[in-house]
Amino acid sequence: MRAVVLHRDPAILRRIVRVWRSFGLEVSGSVDPAEAVKNIEGAALFGADEFDRDLVLQQLAEHKKLKACLWTAEPIQRCLKMFKQEARLLSILGRASFESPPRDLELGLVALRIQNQEKRVPFSGHLRHGASSFEVPVRDTAGIDAAVARTEAFVAGIEVTKWVSEVVAELAHELLMNAVYDAPADSKGRARFAHDRKAKVQLPPEESAILRVGSDGALIAVQVTDPFGRLKREHVVDGLIRGLQSGELDDRGGGAGLGMTVCHNSTVAMIYDLIPAKQTEVTGIFDLELNRREFRTTARSLHFFERE
Amino acid sequence: MVSVHRPDTTAPGTKIQIEKFSDGPIACLRFRGTIDETFDGKKLAATIKAKKLILDLGAVTKISSFGVREWLSFMGAVEKSVPQIYLINCTPKAVNQINMVANFVGRGHVFSFFAPYRCDECDRDSLVLLNVDRDADAIKKMKAPERPCTQCGNPMALDEDPISFFAHAAQQATFELDGQVTTFLISKLNYAVSELARRIQCEKFLEDRNTYVKLVGNLDSAFPGEKLAEGLEGTIVIDCGGIGGIDPAGAAEFRKFLNGIVPSVERVHLIGCQPAFLLRCARPEDLNEKVNVLSFGLPYTCQSCSTTASQMVDVLQHFEVLKLSMPPQNKCESCGGATICTAGGDILAHLPQLPRPDTHPDVLKFIKHAQKRKADKKPGAQAASSGGGNVLKLNTLLPLAVVVLLAVAGGVYLAAGALNAKGGAQASQAQKRPAWITSATPASGYCTDLSNRTVCVGVSSYQRSKDAAKEEAQSNAMEALSNTVGLRIENPVFRDQIRPIYADTRKLALAELEQNQDDQKSEAFDRALNIARRARKQVSESLQKSGGDAVPTQAADWYWEEYKALSGPGTEFLVFVRYDVAEAQANALVQRYSMHDAVVGAKLLTAFPSIGWRFPDVTEGAVVIGVEPETAAQKLGLEERDILLGVGEDKVRDAQDFASKMNAEVAAAKESQRDLTLLVKKGDGPAAEQTASLKLFE
């Protein structure tokens, strides 16, 4: 499977090419847009800086089997509208600065996804080898509280500052509330509990959400999987657009419609993995290397993969 | 590690608790814990009857996205009936939401918020309170105001992106805090609105032979007693309802003022006195035929709507009841429900000492007129007044020290907590332990630094008598306070000479107690407990003797639990007592024990209370910290760490007292040509009389 990379900085270009090749892709990289376009025919993936977005969108329009990802050092808001409109734009990868490449982990996830579209990337794939983690099913309101407490305790146990454990716990809470309240649907596909957050919910075991939390000391990953597969790309993007740009609520459901924004602000990368009508898996990555100031200002990533 | 600026926090995950105070048209809601889907915003909004609302978010630990929805419902509903809303003490979590969510504050104004700072030198985080008025310039420029680390003094950096953190505050329109709200914040919440607003403001109104004086602001050394006293004659009515914090210097200045005007006036009536004012500025020795208290505030909590408010008590009207240390019965001003008085034991004990006022009906009319007249005045015509000319109604608010928590569980409001013996009768296991109890280790004491005060909690050992347990808990809290003060003193002499006197002894004694906690029936535990009890009681007494007005006289809260006795029939009590020490008080104590005096060539510090751990026979005195060569002190044989307990026939209270008594004694000795005697304790030996030849001082 072939990928094309366009990036004006040769050092960064080399890095991205190296990572993608390591993950099994056949990669041609170029600093020149014209040359990159020449190599597009037959490629499965086109990666470029957000600076070249117009070119990327043009190529997506011309090559119907092509998928793309962009990287940026800017806030993600600028790319959201485009991300919503173009479903074959898989990822926006945030990078720390114009001199930095996107995170290897995320480049790897994109490479894995493009090659093994049926296969799920295991949770451990989001962390380095030797990471510790736990997994717990959650199917009711009390379970959410317990799982969040366990998350906070787990994170506190790896000697981080208090605000980190609070942020990660908040992320776990948001993801679980969405999985337990928003995700469950009836036989006609209608949300069962989304309109009443105060209701005490209890799901049957087969409908449980699964929470996974792990850390390798440099990153923390929080993942929630639900067996409903109802989360749509436009939900995610609309929520982010609304929350990041205007802070307006979407109160059509029972929540505040700010969950996506909260998740986004609590992580450096959000990865949505959807099998429609079957499973939604949402993973948030938190970078422990960043202090609070850096965390607030670092560019964040958004990935949306849809599998059959 | 967290600095002294950290706001109140409850354990994460705690459901929201809301304390509600009111004072006439102003209400304050203090939120504590997590604002999530269990917070019923609309229901809470429906209970607000005020025209001005203060929302204190200083103890909000988390706001979930579902909590945001409820919050917006609350704001949307409450805005309809409350024209003025102010948010204070917003935690960084709250600030994030304010910045992120449109209309989070609705038409309200953010007045103050906590910004996270970090000292890279000490590797510690701090929360620093920023005000939109005091720090307006920095906020508008989105540049964090500089703040030094309280540990090392190096500048701290804002641990946030200033552009996003100050986003809302910077674009918020400049506003002037309503005068009534300013007064409320200063006098009821002891809040630092601004340096100017905290300063005492005095207004006078004269009519015939009557003068009405209203005081608003903090009572400190800047109190202009002499100026205020000028020309005062006839009947003076001093309205103390607007007084906020009272530090020892302020209390002393006020009492000096009061004593100074007594000879030249006919009467002085004090009205609207808060409990703290009564205890510090209107002591029994200050009240007499000419000076009396006409009214004072006591805290009452409504058993129906759980609102806590201070209600004015007319001394003459309720004199017979007050004589018995009992608070008069009152109804809730919000809903008319029955209330219970939640005043502490100290203030109740003070009540019988209030003299029966002897007031002419014309004076009462004058008071009403003066207060009504103040309320009618337009703001522009005011003399300097932080209150903006608006007179507070007689129902002033409860001091911060006395609170009742409202626990919100599933939308149902409960009242919990017991502050007086009568209220506590129902407490026992039915009550929930208050959030201020963060440790329940028996026979312990600890202090916690909060944003504007230090909270010291004492825990008793298990005792058969509740009173004995309470007394022990009080001593433990006081001892913890003494230890905390000792740790804060940075004077190197104190550190090198005084702290070593007691630190190891204390440490060993407490370690022994802790080691034996597991077997409370053992002799070793008994021994350790008795040692600790003796020492703590002594330190507590010593602190109260030598600490002056800065030492709290009234517990802010207490709580007890009853258990089956460990051995034998019957039950035992575990009591917790809490003292709140305002920042100014704590600083005053630090200063008191670290300022030295000098006399006859000896440099002295006031004997620090904690030395009672090592010296059971020392509760007062002065410690020698330096002796100059070729002076009387040296010739007397005085050495560093000697403790001076008496001069001649007199006991020595503190360093200043020793200096003045010594000078007086030398003068008297010279006049009568006799030698002097000092009572000196050297090291661990007993105190001994030492004769000093007069020749040494010639």
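Leu176(A) touches Val138(A), Ile144(A), Ala147(A), Val148(A), Tyr181(A), Ala209(A), Leu211(A) and Val224(A), leaving out residues up to four places away in sequence. Contact here means heavy atoms within 4.5 Å. The model is predicted: local features need pLDDT of at least 70, side-chain atom pairs count only at pLDDT 80 or more, and totals for chains, interfaces and linings use all residues. Residues are numbered from 1 along each chain as its sequence is written, chains are lettered from A and ligands numbered from 1 in the order in which they are written, and side-chain values use heavy atoms, with hydrogens and water left out.

Leu176(A) is also one of the residues with the most contacts inside the largest nonpolar core, which has 97 residues. Others in that group include Trp20(A), Phe46(A) and Tyr272(A). A nonpolar core is a set of buried Ala, Val, Leu, Ile, Met, Phe, Trp, Tyr and Cys residues joined through side-chain atoms within 4.5 Å. Buried means under 20% relative accessible area, exposed over 50%, and partly exposed in between (1.4 Å probe, protein chains only). Helices (H or I, at least four residues) and strands (E, at least two) are DSSP runs, numbered from the N terminus. Another core, of 63 residues, lies apart from the largest one. Among its members are Leu258(A), Ile18(B), Ala94(B) and Leu185(B).

Salt bridges come next. A salt bridge is a side-chain nitrogen of Lys or Arg within 4 Å of a carboxyl oxygen of Asp or Glu. The count over all chains is 52. Arg120(A) and Glu281(A) pair at 2.7 Å, N to O. This pair links distant parts of the chain, 161 residues apart. Arg120(A) sits in the loop between helix H5 (104-115) and strand E6 (132-138), and Glu281(A) in strand E10 (residues 279-287). Arg120(A) counts as partly exposed because its relative accessibility is 31%. Glu281(A), at 2%, counts as buried. Arg128(A) bridges to Asp216(A), with the closest N and O atoms 3.6 Å apart. These partners are 88 residues apart. Arg128(A) lies in the loop between H5 and E6, whereas Asp216(A) lies in the loop between strand E7 (209-215) and strand E8 (219-226). Arg128(A) is exposed at 52%, but Asp216(A) is buried at 14%. Shared partners join Glu50(A), Arg53(A), Glu74(A) and Arg78(A) into one salt-bridge network.

Arg88(A) forms a salt bridge with Glu86(A) (3.8 Å, N to O). Arg88(A) is buried at 18%, and Glu86(A) is buried at 16%. Arg88(A) is also in contact with His63(A), as are Ile40(A) and Glu41(A), neighbours within four places in sequence aside. His63(A) is found in the loop between helix H3 (53-62) and strand E4 (67-72) of chain A. At 17% relative accessibility, His63(A) counts as buried.

The structure holds one disulfide over all chains. A disulfide is a pair of cysteine sulfur atoms within 2.5 Å. Cys447(B) and Cys456(B) form this link, with sulfur atoms 2.2 Å apart. The link is right-handed, with 105° about the S-S bond. Cys447(B) is partly exposed at 23%, whereas Cys456(B) is buried at 1%.

Asp120(B) lies in the loop between strand E6 (112-119) and strand E7 (124-131). Asp120(B) counts as exposed because its relative accessibility is 57%. Asp120(B) and Asn154(B) are 34 residues apart in sequence and 9.0 Å apart in space, C-alpha to C-alpha.
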